[in-house]
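Me: I am learning how structural terms are applied, and I would like each label to be set against its cut-offs. Could you take my questions one at a time?

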Amino acid sequence: MKPKSEISFYNTASRSKESFSAASDMVGMYACGPTVYNSAHIGNLRTYIFEDVLKRALVAAGYGVNHVMNITDVGHLTSDEDTGEDKMEKGAAREGKTVWEIADFYTGEFKQSLRDLNILGPTRWVKATDHIPEMIAMIAALEEKGFTYTTADGVYFDTGKFPRYCDFARIDAASLAAGSRIDMGEKRAVTDFALWKFSPKDVRRQMEWPSPWGVGFPGWHIECSAMALKYLPQPLDIHCGGSDHVRVHHTNEIAQAEAATGRQFVRFWLHGEFLVLDKGKMAKSGGNFVTLKSVAERGIAPLAYRLFCFSAHYRSPLTFSFEALEASAAALKNLKSQIAAETAVPAEVSEPVAQICAPFYAAVNDDMNMSVALAALWDIVRSKVWSKAEKYCAVKNADEILGLNLLVPEERGAEIKTTAPSGFTVIIKSAQPITDTRQSEIVAKVEAR
């Protein structure tokens, strides 16, 4: 192995910051992808931005990254207690389409959002519906080892047979059981979870498969474990996702994967915190969410949102407002303007002097402290010590992690002159291109005055 830069991450498993190393030059990294029943909101996308920086930081530190991301297109129910509707079926009913059409549409939309945010795509996309045999095989292995039981509605994992179940999320199982108000049905414990759900007899499902236990569909948790272990060597170097996955989804992944294989599932667990509104976290279930499309309709470039996410550490909640986002858009424009004035393309592009970028990389390699890294970049740009050519090389290298297109010229703004229904002439100026929807909103506001 070639020497690697020292880099550390906060490992959820140990609740501490640890120096990272991998068994080989190639890091195996699994990221929980979207459930494609609706548009991804910008809170979801914050998690994918942090994972993108993680991957870019590993590459800068000298590693290759084998990055696997799933597409959940079946089995994710509306309740963590393995009850409620399948989100995909619910989405299909909402829009009057087939489940497959819903999955294709929102998968495409999600991938476009990643491109708009300069998020590098994974090495491999894996769809849940393409891996039903692998899931059935893992459930069979768990059954053979005595970790399952069958009820009227499905096959369940018996968490009582896995003594380490509570360790990862620091769960107090006794208190959880005492305080539970849900109807557990035939479940033996509140923490037990579905591996395979039987199709309801009185409901026609669009997605169901035969299995040794009956016709049905996989539980959400078994999907990720089966797909991760198919494409990445065990133990995985890194598994990441949102902080809401710690308590249930990732705890369940660990239990079933380690029970099935008898080996450690993952070495490093990384989790991003919520994007929050005044009334709580952004969530599709409550209808209080903002999409990247609605951001663009306000004339704000997607990369302004990427920069906005760097204003707080990925492990800290970040409060969203359009005012704060507009401030980030102005900050990005200012930064690019300063870079354009203070840098010059060298005759021969070479690696920047390590001394120039040292403070930037020190912040990135310290659990991705991006606000400090950005401050270090500003210091480089404003410095009177380095030449314009040296600054150019430093910015070029820093932007391989930031992903802000800092050396790409700012898009020309827009100026539109239009006549409102009342006869007033309205001149609209914007630093970003103006969509028809945004133009109509502005004219309506002028009319209201």
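Me: What makes Lys17 count as partly exposed?

Reply: Lys17 has a relative accessibility of 44%, and the rule calls a residue buried under 20% relative accessible area, exposed over 50% and partly exposed in between (1.4 Å probe, protein chains only), so Lys17 counts as partly exposed. This is a predicted model, in which local features need pLDDT of at least 70 and side-chain atom pairs count only at pLDDT 80 or more, while totals for chains, interfaces and linings use all residues. Residues are numbered from 1 along each chain as its sequence is written, and side-chain values use heavy atoms, with hydrogens and water left out.

Me: Why is the pair of Lys17 and Asp366 called a salt bridge?

Reply: A salt bridge is a side-chain nitrogen of Lys or Arg within 4 Å of a carboxyl oxygen of Asp or Glu, and the N to O distance between the side chains of Lys17 and Asp366 is 2.7 Å, so the pair meets the rule. Lys17 lies in strand 2 (residues 16-19) and Asp366 in the loop between helix 11 (354-365) and helix 12 (370-382), so the pair ties together parts that are 349 residues apart in sequence. Helices (H or I, at least four residues) and strands (E, at least two) are DSSP runs, numbered from the N terminus. Asp366, with 32% relative accessibility, counts as partly exposed. By this rule the count of salt bridges comes to 16.

Me: How do you know whether Asp52 and Arg306, which form a salt bridge, are buried or exposed?

Reply: The relative accessibility of Asp52 is 2% and that of Arg306 is 0%, so both values fall under the cut-off for buried. Their closest N and O atoms are 2.7 Å apart, and the pair links distant parts of the chain, with Asp52 in helix 1 (residues 42-60) and Arg306 in helix 9 (residues 302-309), 254 residues apart. Asp52, Arg56 and Arg306 are linked in a network of salt bridges.

Me: What makes helix 9 mostly covered?

Reply: Seven of the eight residues of helix 9 are buried, namely Leu303, Ala304, Tyr305, Arg306, Leu307, Phe308 and Cys309. For the whole chain of 449 residues, 51% count as buried.

Me: Why is helix 12 called roughly antiparallel to helix 13?

Reply: Helix 12 and helix 13 (residues 388-402) pack at an angle of about 165 degrees, with their axes 10 Å apart; axes are lines fitted to C-alpha atoms, for helices over the stretch in contact, and angles run from 0 to 180 degrees between N-to-C directions. Angles under 35 degrees count as roughly parallel, over 145 as roughly antiparallel, 65 to 115 as roughly perpendicular and the rest as oblique, so helix 12 is roughly antiparallel to helix 13. The residues that make the contact (heavy atoms within 4.5 Å) include Leu374 and Leu377 of helix 12 and Ala394 and Val395 of helix 13.
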